[in-house]
Amino acid sequence: MARAWMKAALAGMAIMAMTAPVHAADTIKIGVPGAHSGDLVSYGMPSLNAARIVADEYNAKGGILGKQIEIIAEDDQCKPELGTNAATKVLSEGAVAVMGSICSGATKAALPIYNDAKIVSISPSATTPELTQKGDHPYFFRTIASDDVSGHLAGSFAKDKLGLKKVALLHDKGDYGRGFVNYAREMLEKGGVQIVLEEGITPGAVDYGAVIQKIRKAGADGIIFGGYHPEASKLVQQLAKKKIDIPFIGPDGVKDEQFIKVAGKNAEGVYATGPTDVSKLPMNIQ
């Protein structure tokens, strides 16, 4: 899927190249900031690899407008403080458009820099609704549903499909995780589901025993978690050790192969929101 959206996006670079001030350059430079190292590398590297593959395909056919495509990769580790650095670097190297960033926090930090330069950026996975709702970022686009959509889906699924009555809400205190949980709460409260616990956890912590004990004490019959796979995998493992067997629902940040590898057998039965499978659409069949 990363290859498909990247191919469509790179094709659009022809229009940007015709109007960009660096049109006279020998190459068309595309910035790809993202998590290229660290705990969330499994989110960032697929997009970077897809960009490189598609760029090679176009270059083998003569490029775009007779120019070769050059990928400018910058690692922001999905951290806001590194997002601004990555944005500055890709622009200083002459990028005429940006594919990224991956996480909402790093994207939010970088967007003012792209806006000032009037550079278009497209993210496959920055889901915070405010990035597109307020009109503050006219050059930003994304190819994934925002947190209001996925959060509402998680809440309605918990209520309507799983029949949950008492839900614990957990998040990683970040823009992405907190936003997802907030929108899930809207659907739960509208449906009369009781929120018995809401807690922010510390990313990177080794032991979540204290919050797990709170979940048990609150009598929750399900958990909705907002955050990424490293924390989700630890949570489901530690829940299993404490013999707390209740549904665990996460966002697309949990829908990752690394989650399954780390959580192992405890990944079985975990639910995660995600985009519709478009792999069988004609444009995605190679």
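Predicted model: local features only at pLDDT ≥ 70, side-chain atom pairs only at ≥ 80, totals over all residues.
Leu91 lies in helix H4, where helices (H or I, at least four residues) and strands (E, at least two) are DSSP runs numbered from the N terminus. Apart from neighbours within four places in sequence, Leu91 contacts Ile113, Tyr114, Ala117 and Ile119, contact meaning heavy atoms within 4.5 Å.

Residues are numbered from 1 along each chain as its sequence is written, and side-chain values use heavy atoms, with hydrogens and water left out.

**Helix H4 with H5**

- Helix H4 (residues 80–92) packs on helix H5 (residues 104–117) at an angle of about 30°, with the axes 7 Å apart; axes are lines fitted to C-alpha atoms, for helices over the stretch in contact, and angles run from 0 to 180 degrees between N-to-C directions.
- H4 and H5 make a right-handed crossing (right-handed if the near helix is turned clockwise from the far one by less than a right angle, left-handed if anticlockwise).
- H4 contributes Pro80, Gly83, Thr84, Ala87, Thr88, Val90 and Leu91 to the contact, and H5 contributes Gly105, Ala106, Ala109, Ala110, Ile113, Tyr114 and Ala117.
- The H4 contact with H5 comprises 10 nonpolar, 4 polar and no charged residues; Ala, Val, Leu, Ile, Met, Phe, Trp, Tyr, Cys and Pro count as nonpolar, Asp, Glu, Lys and Arg as charged, and the others, Gly among them, as polar.

**Helix H7 with H8**

- The axes of helix H7 (residues 147–161) and H8 cross at roughly 45° and come within 7 Å.
- That angle makes H7 oblique to H8 (under 35 degrees is roughly parallel, over 145 roughly antiparallel, 65 to 115 roughly perpendicular, and the rest oblique).
- The crossing of H7 and H8 is right-handed.
- On the H7 side are Asp147, Asp148, Ser150, Gly151, His152, Ala154, Gly155, Ser156, Ala158 and Lys159, which meet Asp175, Tyr176, Gly179, Phe180, Tyr183, Ala184, Glu186, Met187 and Leu188 of H8.
- This contact of H7 with H8 has 8 nonpolar, 6 polar and 5 charged residues.

**Helix H9 with H10**

- Helix H9 (residues 209–218) and H10 have axes 10 Å apart and pack at about 60°.
- H9 is therefore oblique to H10.
- H9 and H10 cross in a right-handed sense.
- Gly209, Val211, Ile212 and Ile215 of H9 touch Leu235, Gln238 and Leu239 of H10.

**Second largest pocket**

- The second largest pocket holds about 420 Å³ of space; a pocket is an open set of points on a 1 Å grid over the protein atoms alone, where a 1.4 Å probe fits, with protein on both sides within 12 Å along at least five of seven lines, and lining residues have an atom within 4 Å of a point.
- Of its 19 lining residues, Leu40, Cys78, Asp172, Pro203 and Tyr228 are the closest to the centre.
- Helix H8 (175–190) and helix H10 (229–241) are the elements that give two or more residues to the lining.
- The lining divides into 8 nonpolar, 6 polar and 5 charged residues.

**Backbone exceptions**

- Most residues other than glycine have a negative phi, and most peptide bonds are trans.
- Leu65, not a glycine, has a positive phi of about 55°, and is in the loop between helix H3 (41–60) and strand E2 (68–75).
- The peptide bond from Gly100 to Ser101 is cis, with omega near 5°, and Ser101 is in the loop between strand E3 (97–99) and H5.

Methods: Points joined across faces, edges and corners; volume = space filled by probe spheres on them.
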